[in-house]
Amino acid sequence: MRTFLDVLDLLKKYDIYIHLGKRLWDIELAAIEIDNLYRAKLLSPQEYAQIKMVLNHEHEAEQQREDKKEK
């Protein structure tokens, strides 16, 4: 897992499709769905940690992009 697209592809394997119209919201919903998959024991602790790192990185990057647009 290296990119947000990889995370979305993983979610699609579980028939979870995300498109809310705003990338930041998509990242946040993906994080919630990943939490649910982990609680259901469908992801290993290592997979979960890697995915959460990717999502946190993408969330921070997207937040910075939005902050720059507002200025």
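**Labels and their cut-offs**

Reader: Why is Glu62 called buried?

Author: The relative accessible area of Glu62 is 9%. Buried means under 20%, exposed over 50%, and partly exposed in between, with a 1.4 Å probe and protein chains only. Since 9% falls under the cut-off, Glu62 is buried.

Reader: What kind of model do these values come from?

Author: This is a predicted model, in which local features need pLDDT of at least 70, side-chain atom pairs count only at pLDDT 80 or more, and totals for chains, interfaces and linings use all residues. Residues are numbered from 1 along each chain as its sequence is written, and side-chain values use heavy atoms, with hydrogens and water left out.

Reader: What makes Glu62 and Arg23 a salt bridge?

Author: A salt bridge needs a side-chain nitrogen of Lys or Arg within 4 Å of a carboxyl oxygen of Asp or Glu. Here the N to O distance is 3.4 Å, so the pair qualifies. Glu62 is in helix H3 and Arg23 in helix H2, so the bridge ties together parts 39 residues apart in sequence. Helices (H or I, at least four residues) are DSSP runs, numbered from the N terminus.

Reader: Why is Arg23 called partly exposed?

Author: The relative accessible area of Arg23 is 31%.

Reader: How many salt bridges does the rule give?

Author: The count is five. One of them joins Asp35 and Lys52, whose closest N and O atoms are 3.1 Å apart. Asp35 belongs to helix H2 and Lys52 to helix H3, 17 residues apart. Both residues are buried.

Reader: Why is the pair of Tyr38 and Tyr48 called stacked?

Author: Rings of Phe, Tyr and Trp (its six-membered ring) pair if their centres lie within 6.5 Å; planes under 30 degrees apart count as stacked, over 60 as edge-to-face and the rest as tilted. The structure holds one aromatic pair. In that pair, Tyr38 and Tyr48 are 4.1 Å apart centre to centre, with 15° between the planes, and it is stacked. Tyr38 is in helix H2 (residues 23-39) and Tyr48 in helix H3 (residues 45-70), 10 residues apart. At 31% relative accessibility, Tyr38 counts as partly exposed.

Reader: How do you know that the buried residues of H1 are on the same side?

Author: In helix H1 (residues 4-13) the buried residues are Phe4, Val7, Leu8, Leu10 and Leu11. They cover an arc of only 160° around the axis, which puts them on the same side of H1. The arc is that of the directions from the helix axis to the C-beta atoms. Leu5 and Lys13, on the other side, are exposed.

Reader: What covers the buried residues of H1?

Author: The cover includes H2 and H3.

Definitions and conventions:
Helices (H or I, at least four residues) and strands (E, at least two) are DSSP runs, numbered from the N terminus. Contact means heavy atoms within 4.5 Å.
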